[in-house]
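Hi,

Here is the structure I promised to pass on. Have a look at it first, then read my notes below.

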Amino acid sequence: MAKTACTDLAGALVGVGWLVHAAWDAWYHRTGTVAPRGYALFDVGVGLTTLLAVLCR
């Protein structure tokens, strides 16, 4: 879907995807399930940083 959308909409869709990804990892950091807490916390940081990079382009 993001590939066929206009550039601004595609950036917003990718940004939302990264935001959901960061929320997903924050949940796993909080509950300690599926992924080790350290990995989940690191991945939250990566997700939010990537989100900001995509939205500020």
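The buried residues of α2 pack against α1, and the buried residues of α1 pack against α2, which covers residues 37-55. Buried here means under 20% relative accessible area, exposed means over 50%, and partly exposed is anything in between, with a 1.4 Å probe and protein chains only. Contact means that heavy atoms are within 4.5 Å.

Before you go further, a word on where this comes from: it's a predicted model, where local features need pLDDT of at least 70 and side-chain atom pairs count only at pLDDT 80 or more, while totals for chains, interfaces and linings use all residues. Residues are numbered from 1 along each chain as its sequence is written, and side-chain values use heavy atoms, with hydrogens and water left out.

The overall picture

The protein chain has two helices and zero strands. Both kinds of element are DSSP runs numbered from the N terminus: helices are H or I with at least four residues, strands are E with at least two. Of the 57 residues in the chain, 23% are buried. Take the contacts between residues at least 6 apart in sequence: 49% of them join residues at least 24 apart. The chain exposes about 4,100 Å², and carbon and sulfur atoms supply 72% of that. Those areas come from the Shrake-Rupley method with a 1.4 Å probe; for residues, only the protein chains shown count as cover.

Helix α1

How far apart are the end C-alpha atoms of α1? They are 36 Å apart, which agrees with the 36 Å that its 25 residues (7-31) should span at 1.5 Å a residue. The expected span is 1.5 Å times one less than the number of residues. The buried residues of α1 are A10, G11, G15, A22, D25 and Y28.

Helix α2

α2 has 19 residues and reaches 27 Å from its first C-alpha to its last, close to the 27 Å expected. Its buried residues are A40, D43, V44, G47, L51 and V54. They cover an arc of only 115° around the axis, so they sit on the same side of α2. (The arc is that of the directions from the helix axis to the C-beta atoms.) On the other side of α2, you'll find G38, F42, T49, L52 and A53 exposed.

Is D25 buried or exposed? D25 counts as buried because its relative accessibility is 6%. Leaving out residues up to four places away in sequence, D25 touches A40, D43 and V44. That brings us to D43, in helix α2, which is buried too, with a relative accessible area of 10%. Apart from its neighbours within four places in sequence, D43 is in contact with H21 and D25. The side chains of D43 and H21 are joined by a polar contact of 3.1 Å. A polar contact is a pair of N or O atoms within 3.5 Å; within protein, one must be able to donate a hydrogen and the other to accept it, and residues adjacent in sequence count only if both atoms are side-chain atoms.

And two exposed ones

W24 is in α1 and counts as exposed at 52% relative accessibility. The C-alpha atoms of W24 and G47 are 9.9 Å apart, though 23 residues separate them along the chain. L52, in α2, is exposed with a relative accessible area of 54%. L52 and L19 are 33 residues apart in sequence and 9.4 Å apart in space, C-alpha to C-alpha.

Cheers
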